[in-house]
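Take a moment to turn the model around before reading on.

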2 protein chains.
Amino acid sequence: MTVLKKVTITTVANKAEVSVKTVSRVLNRETPMRDSTRDKVLKAINELGYKPSLAAVALAGRQSKMIGLVYSNISASYVMSIQTGVLKACSEEGCNLIIHPCDSESKSIITDIVNFAKNSHLDGVILIPPLCNKKGLVEALTEHEINVVNISPAIKSEKVPSVCCEDKAAVEVMIGELIEAGHSEIGFIKGDFSHGASLERLMGYKSALLKAGLQINESLIKQGNFTFESGKACGQDLLSMANRPTAIFASNDYMAAGVFASAYDIGLKIPNDLSVVGFDDAPVSRQICPLLSTIKQPIEKMAESAARLLIAKNKGRGNVSRHLSFSAELLYRESHKQHH
Amino acid sequence: MTVLKKVTITTVANKAEVSVKTVSRVLNRETPMRDSTRDKVLKAINELGYKPSLAAVALAGRQSKMIGLVYSNISASYVMSIQTGVLKACSEEGCNLIIHPCDSESKSIITDIVNFAKNSHLDGVILIPPLCNKKGLVEALTEHEINVVNISPAIKSEKVPSVCCEDKAAVEVMIGELIEAGHSEIGFIKGDFSHGASLERLMGYKSALLKAGLQINESLIKQGNFTFESGKACGQDLLSMANRPTAIFASNDYMAAGVFASAYDIGLKIPNDLSVVGFDDAPVSRQICPLLSTIKQPIEKMAESAARLLIAKNKGRGNVSRHLSFSAELLYRESHKQHH
DNA sequence: TTGTACGCGTTATCAA
DNA sequence: TTGATAACGCGTACAA
């Protein structure tokens, strides 16, 4: 069970009775090559439990085989999901991930990130909100020949590949169902507009109302900032209205939890007295009573795709800038119901 | 502004008119060395903006200046805090961090982690619960000459440095205050024992009861597994007892949130009808109503210290195994009060 | 106090 | 379709 001596490409080559170059070929799926040769090598690799040394691959290949994930003040669960997805792609593509937390409000943020990327010799970086919307950042990075891929940027750049989620469509459907369930006064709590998704979600709301032939009542739309506190404050505003809404859509789950709190305080029961829907499928949505109905982006998959886009770009394939789009999933739980 | 050709140690050596070995010496702070020589080299390094290639350092040297953080199925916020702390130490000590999520239940977990560490040429790894309690893992790692530091291990090994938190003491104080506030029937929800902290917290509970001259009523102690669902189930059990507790301590916040749900379902008001206290200061503790009183470990600081312990060990200093201990902080919020 | 030559484990070049 | 050998950028003996 103990692997004492290090097994290198040479070990494999000897065992398979071929040259190291041949082993390298099967590793990198180079063609053409005789099937029997490839099988011999594969067999040796398996028996030896051989894994290429990333450092050697990087050194010889003139790449660092490292990509960076840059993030700032944003929810832990979101970053973890992103990270998990990126890591999955990395391990499959033979890459290492370097994490770089930072403060998006810092004056020197652009220089910091550029330096980080240069100093670590990164092959590229992945940007997530709100950083991917930072004016000048992407330009500075590309100017220094650092590849970039954005996740959920507010606007899609021509030069930078990105992956995003069709938030608008998902919200539109969800609000549509609320309307069908008899709700006509539906409150909406907006998120911080440094996240592109905020506008998307708002548009989904408005679009659903319009499609149903309903008026858009601006007094039912409140500005939050994605925190529990802001959600609670907006909830209080909404629920203290003379003609209070029978349903509230919050642009994320933290704010929806805030609405729960505001309802709880004045004795309103969810979902009987008030329907609430959130967005994100954050942990809290499964840790409150009643369980929060929400919308879930396939964040891990999105992040994984973003990483693959970046790695492909590094490898020279897929030089074209691509934009991938995923659709969100509606999670029907316990916090909303028919209105009579 | 654009740096076109790559600058290597040779570039620096040429510019400073010394040999590469000399540059290498100043990079690694080797002595003795003439001050004027060092200055020349430093000057060249700065002017060229030279940064050593991590891949080359790892491949050629004994040290890679990379450490690993290995974690498995555990809460996002916990991992993020750990990560932030480790990263802080790393950036200050000139280290890189490689993240490695894995499945602690996997059959091949030990081999996987050893391979990961060898393969990435890591100088050492940081283990967190429940992985740091995995039988045989630490042994396998040290056998392969990979330094290890544990965070909150169930038992402190002689050979492996660790940092931990005095959970027992904190819980003891908190339960003591509940008792002073008039609670005599206090429920306790245990956590999963693959986390060393579970036992610590239970001991704190029992110790507080004993100190106050109270009996330990085993029927008031329920086994949870750190999830919301288990907390809710245990809460239901506890609250349906003939002589139900007036206060419940849950070994983490997710389970405390579960208790909130169980109370909510049967119309019990927190904190008026029931006091609830959790542990961890997880995001959910600030996203429910009323705000959850809880106990907070200085996770970031602990992680930072763990990383420094590891890096020191790598550098040869501090070869002795050390065990650092931190104390937890009691957060008094809204979910507990006097009992009459 | 400083320099030379070789090795680390891969990929790339050019033959065979 | 395969193989010998030179890079890749740095650390480490061993010399000077």
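**A walk through the model**

Let's begin with Cys165(A), which is buried, with a relative accessible area of 9%; buried means under 20%, exposed over 50% and partly exposed in between, using a 1.4 Å probe and protein chains only. Before going further, keep in mind that this is a predicted model, where local features need pLDDT of at least 70, side-chain atom pairs count only at pLDDT 80 or more, and totals for chains, interfaces and linings use all residues. Residues are numbered from 1 along each chain as its sequence is written, chains are lettered from A and ligands numbered from 1 in the order in which they are written, and side-chain values use heavy atoms, leaving out hydrogens and water.

Cys164(A) counts as buried too, at 10% relative accessibility. So why don't Cys165(A) and Cys164(A) form a bond? Their sulfurs are 7.3 Å apart, which is too far, given that a disulfide is a pair of cysteine sulfur atoms within 2.5 Å. Over all chains, the structure holds zero disulfides.

Now head over to helix 1 of chain A, residues 9–16, whose buried residues are Val12(A), Ala13(A) and Ala16(A). (Helices are DSSP runs of H or I, at least four residues, numbered from the N terminus.) Those residues span an arc of only 100° around the axis, so they sit on the same side of helix 1 of chain A; the arc is that of the directions from the helix axis to the C-beta atoms. What do the buried residues of helix 1 of chain A pack against? Their partners are helix 2 (20–27) and helix 3 (35–48) of chain A, with contact meaning heavy atoms within 4.5 Å.

Just after the helix, Glu17(A) takes a positive phi of about 60°.

Finally, find DNA strand C. Around it are 24 residues, and Ile9(A), Ala60(A), Thr22(B), Pro32(B) and Thr37(B) come nearest; a residue is near a strand if one of its heavy atoms lies within 4 Å of it. Of the atoms of DNA strand C that come within 4 Å of the protein, 62% belong to sugar and phosphate.

Notes. Helix = DSSP H or I, 4+ residues; strand = E, 2+ residues; numbered from the N terminus.
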